[in-house]
Amino acid sequence: FSFMFRLLLCVCIHVSSFPFHLLTVLHTTTNTGTVTNRIEKAIKTVATVTNILIVVSGCLSRSLNTTYKNHIEKIFSILDANSINYSTCYINNKVTEIDGVKVSDDFKHKIQPDYFLEFSQDFVDSQILKYHPNYKTLYFRKPPISDTDYVEIFGISPFRNSFIETSCSEFMDSKKDHFTHCLAFCSDNWFEKDFQLNWMKSNSLIVSDQNPARGYTNGFYFGSIDDVSKLINSFYSLRQIATLDYEHLLKANAEQNSIKVKEEHYRFLKIRANKKPAYQKRGGIWPKISHILNDYRFKLSSVSKQD
């Protein structure tokens with residue numbers, strides 16, 4: 001499969017002695033080649049070969065301004081304290097409004113990524129309509145097999161998520177020669193506890209046990225870079241694997257690629273643009289993560305006082 005894109009791709013490369021820079025790559029009209037090939041032409045490889053590629057993705061304008069300090073505390077500081085080499089890539093689904101809130105790119109002043117990729121919402125949606133024009137009627141669970149229509153509930157969001165995660169996968173594939181492991185997670189996540197270093201010794205791909213639904217919880221993945229890439233690469237095979245819910249398509253990918261997945265008690269809030277956690281009205285999920293709320297409220301209050 002290939003991403004045959006006409007795309008405006010922004011690549012940001014951080015160099016320690018310079019401020020955050022944006023390099024803009026103009027639209028390409030070629031009909032061949034994958035996004036990976038185009039990315040490879042647009043980015044500079046980090047000189048030092050590192051062990052872990054950390055990929056943070058989603059609508060970064062939604063809540064990364066809020067969640068970034070948690071990511072530092074629970075993940076980056078743990079790796080730094082143990083002298084573990086890593087490079088970061090942020091992949092943005094660029095929006096100007098989400099959750100009914102107008103948002104901006106203020107998060108760019110906080111992050112200093114080694115790589116930065118960005119796709120406009122219009123472009124993402126155009127690819128969904130191009131490859132999955134019947135997404136409302138032919139995908140995921142529906143009556144009479146199910147009591148609910150998955151797409152009616154979640155709309156186009158699962159397809160957008162699949163596109164972004166597949167873009168992450170394509171980027172990972174382009175970096176397999178430089179990294180042994182990959183940690184990929186959603187920028188909305190507010191983690192309850194520290195990243196576990198013993199996971200680096202595991203032969204399994206680690207996911208959260210938070211909301212497996214019909215498969216595996218999405219939004220947090222750690223394992224070999226090859227396994228993570230294969231697990232989240234779903235966009236072009238949605239017609240075959242999007243039969244129940246998003247969690248199930250991850251399980252389908254795991255089974256198809258013989259990936260050993262381990263569910264860990266590693267949970268997180270998902271913070272919306274209004275700074276409120278998601279899931280509060282979904283009783284099956286919320287009790288599992290409500291204990292994280294005290295930490296979130298305290299840290300958010302502390303930040304507000306500093307501001």
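## Cores, rings and loops in a predicted chain

Phe159 touches Ile128, Tyr135, Tyr139, Phe140, Val151, Phe235 and Leu238, leaving out residues up to four places away in sequence. Contact here means heavy atoms within 4.5 Å. This is a predicted model, in which local features need pLDDT of at least 70 and side-chain atom pairs count only at pLDDT 80 or more, while totals for chains, interfaces and linings use all residues. Residues are numbered from 1 along each chain as its sequence is written, and side-chain values use heavy atoms, with hydrogens and water left out.

**Confidence**

pLDDT is the predictor's confidence in each residue, from 0 to 100. Its mean over the protein chain is 85, and 81% of the residues reach 70 or more. Residues 1-33 stay under 50, and the model has 91 contacts beyond four places in sequence for them. Residues 36-50 also have pLDDT below 50, with 36 contacts beyond near neighbours in sequence.

**Nonpolar cores**

A nonpolar core is a set of buried Ala, Val, Leu, Ile, Met, Phe, Trp, Tyr and Cys residues joined through side-chain atoms within 4.5 Å. Buried means under 20% relative accessible area, exposed means over 50%, and partly exposed lies in between (1.4 Å probe, protein chains only). The largest core holds 45 residues, of which Val55, Phe159, Met172 and Tyr221 touch the most other members. Helix H6 supplies the largest share of this core, six residues. A second, separate core has 24 residues, including Leu64, Ile75, Ile84 and Phe185. In soluble globular proteins, nonpolar side chains tend to be buried together.

**Helix H7**

Helices (H or I, at least four residues) and strands (E, at least two) are DSSP runs, numbered from the N terminus. H7 spans residues 225-232 and is mostly covered, with six of its eight residues buried. The buried ones are Ile225, Asp227, Val228, Ser229, Leu231 and Ile232. Their packing partners are strand E3 (52-58), helix H6 (157-174), strand E8 (181-186), strand E10 (205-208), strand E11 (220-224) and helix H9 (246-256).

**Aromatic pairs**

Rings of Phe, Tyr and Trp (its six-membered ring) pair if their centres lie within 6.5 Å; planes under 30 degrees apart count as stacked, over 60 as edge-to-face and the rest as tilted. By this rule the count is 25 aromatic pairs. Two of them are tabulated here.

| Pair | Centre to centre | Angle between planes | Class |
|---|---|---|---|
| Phe119 and Phe163 | 5.4 Å | 85 degrees | edge-to-face |
| Phe191 and Phe268 | 5.8 Å | 75 degrees | edge-to-face |

Phe191 counts as buried because its relative accessibility is 0%. Phe268 is buried too, with a relative accessible area of 1%. Both belong to one aromatic cluster, formed by Phe185, Phe191, Phe195, Trp199, Phe220, Phe222, Tyr266 and Phe268.

One ring also meets a charge. The charged end of Arg239 sits over the ring of Tyr139, 5.5 Å from its centre. The rule asks for NZ of Lys or CZ of Arg within 6 Å of the ring centre and within 35 degrees of the ring normal.

**Asp188**

The loop in question runs between E8 and E9. The side chain of Asp188 makes a polar contact of 3.1 Å with that of Arg62 and one of 3.3 Å with that of Ser63. A polar contact is a pair of N or O atoms within 3.5 Å; within protein, one must be able to donate a hydrogen and the other to accept it, and residues adjacent in sequence count only if both atoms are side-chain atoms. Beyond four places in sequence, Asp188 is in contact with Cys59, Arg62, Ser63, Thr67, Leu269, Lys270, Ile271 and Arg272.

**Backbone details**

The peptide bond from Pro143 to Pro144 is cis, with omega near 5 degrees. Pro144 lies in the loop between helix H4 (135-138) and helix H5 (150-154).

Ala213 is not glycine, yet its phi is positive, near 50 degrees. Ala213 sits in the loop between E10 and E11 and is partly exposed, at 47% relative accessible area. Ser258, also a residue other than glycine, has a positive phi near 55 degrees. Ser258 lies in the loop between H9 and strand E12 (261-264). At 68% relative accessibility, Ser258 is exposed.
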